[in-house]
Amino acid sequence: MSTELPFLVELLVSALILAGAGFAVIGALGLARMPDFYMRVHLPTAGTTLGVGCTLSASVIYFSFSLQTLSVHEFLISMFLFITAPVSSHMMAKVALHTGVKFVDHTQGRPWPSRTQRPSRDNSQILSDWQTRDRKETE
Amino acid sequence: MLRFAVIVAMLLFTVSLLLNLYRMVRGPDLVDRILTLDSLYVNAIAIIILLGIFLGSTLFFEAAMLIAMMGFVGTVAVCKYVLRGNIIE
């Protein structure tokens, strides 16, 4: 941080960095506080998209002004993160559905009962839930 | 001002890493731990970028890029292993 930036640029970069850090903390707080996995899987999206996105845009602006050339390395990283974040959270939700992760009562929607795969241990509550739902549907 | 903002943001990202660590230690299921590892590498990327701004060096982008790629591959590999029992079928 040796070169002097114009005041407005410095203000913009600082605001973006602080906003990014704030979004990351909100995401992590939700990850630590939410009651079950299906709610928790939403939160890192905020941290990825807005937190790291803001930090990377701040880095683009800072290095473009301090090196006097357009610096677009960061767009590679942010593009890569934005493309891969939905894929990995889709995979994790799939793992949660197939291994039968427990959920709290007010989670909206119910995982579809898998009839081909035997649910793992610790799962009797989900099973009875499915059975009551199937009974309701047949009635 | 920028120096102060970077330091504060690093502290906030550290708090978020610690919250993630809490969830990883406590997480009741395997999937929670996978999710937390995913979130941890994303926060690590942000901290590396901030360190690059702090030191005024562009050398850290390659490290961040590598962590992004390897972290994604790791998450998908662990998910695939839990789902199917092996990674490359």
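## Start at the interface

Colour the two chains separately and look at where they meet: 52 residues of chain A and 50 residues of chain B take part in the contact. Keep in mind as you go that this is a predicted model. Between them, chain A and chain B bury about 4300 Å², and 83% of that lies on carbon and sulfur atoms.

How many salt bridges cross the interface of chain A and chain B? The rule finds 1, and the count over all chains of the structure is also 1. To see it, select Arg40(A) and Asp32(B) and show their side chains: the closest N and O atoms of this salt bridge are 2.2 Å apart. Arg40(A) sits in helix 2 (residues 37–40) of chain A, while Asp32(B) belongs to helix 2 (residues 30–55) of chain B.

## Across to chain B

For the contact itself, pick residues including Ile34(B), Tyr41(B), Ile45(B) and Leu55(B) on helix 2 of chain B, and Phe60(B), Phe61(B), Gly71(B) and Phe72(B) on helix 3 of chain B. Sorted by class, this contact has 17 nonpolar, 3 polar and 1 charged residues.

## Back to chain A

Now select helix 1 (residues 7–33) and helix 3 (residues 43–66) of chain A. Their axes come within 8 Å and cross at roughly 165°. Do they run parallel or antiparallel? Helix 1 of chain A and helix 3 of chain A are roughly antiparallel. Helix 1 of chain A passes helix 3 of chain A in a left-handed crossing. Colour this contact by residue class and you get 18 nonpolar, 7 polar and no charged residues.

Keep helix 3 of chain A on screen and bring in helix 4 (residues 73–99) of chain A. The two pack at an angle of about 170°, with axes 9 Å apart, so helix 3 of chain A and helix 4 of chain A are roughly antiparallel as well. Who meets whom here?

How values were computed:
Residues are numbered from 1 along each chain as its sequence is written. Chains are lettered from A and ligands numbered from 1 in the order in which they are written. This is a predicted model: local features need pLDDT of at least 70, side-chain atom pairs count only at pLDDT 80 or more; totals for chains, interfaces and linings use all residues. Side-chain values use heavy atoms; hydrogens and water are left out. Axes are lines fitted to C-alpha atoms, for helices over the stretch in contact, and angles run from 0 to 180 degrees between N-to-C directions. Helices (H or I, at least four residues) and strands (E, at least two) are DSSP runs, numbered from the N terminus. Angles under 35 degrees count as roughly parallel, over 145 as roughly antiparallel, 65 to 115 as roughly perpendicular and the rest as oblique. A crossing is left-handed if the near helix is turned anticlockwise from the far one by less than a right angle, and right-handed if clockwise. Ala, Val, Leu, Ile, Met, Phe, Trp, Tyr, Cys and Pro count as nonpolar, Asp, Glu, Lys and Arg as charged, and the others, Gly among them, as polar. Contact means heavy atoms within 4.5 Å. Buried area is the accessible area (1.4 Å probe) that two parts lose on being put together, summed over both. A salt bridge is a side-chain nitrogen of Lys or Arg within 4 Å of a carboxyl oxygen of Asp or Glu.
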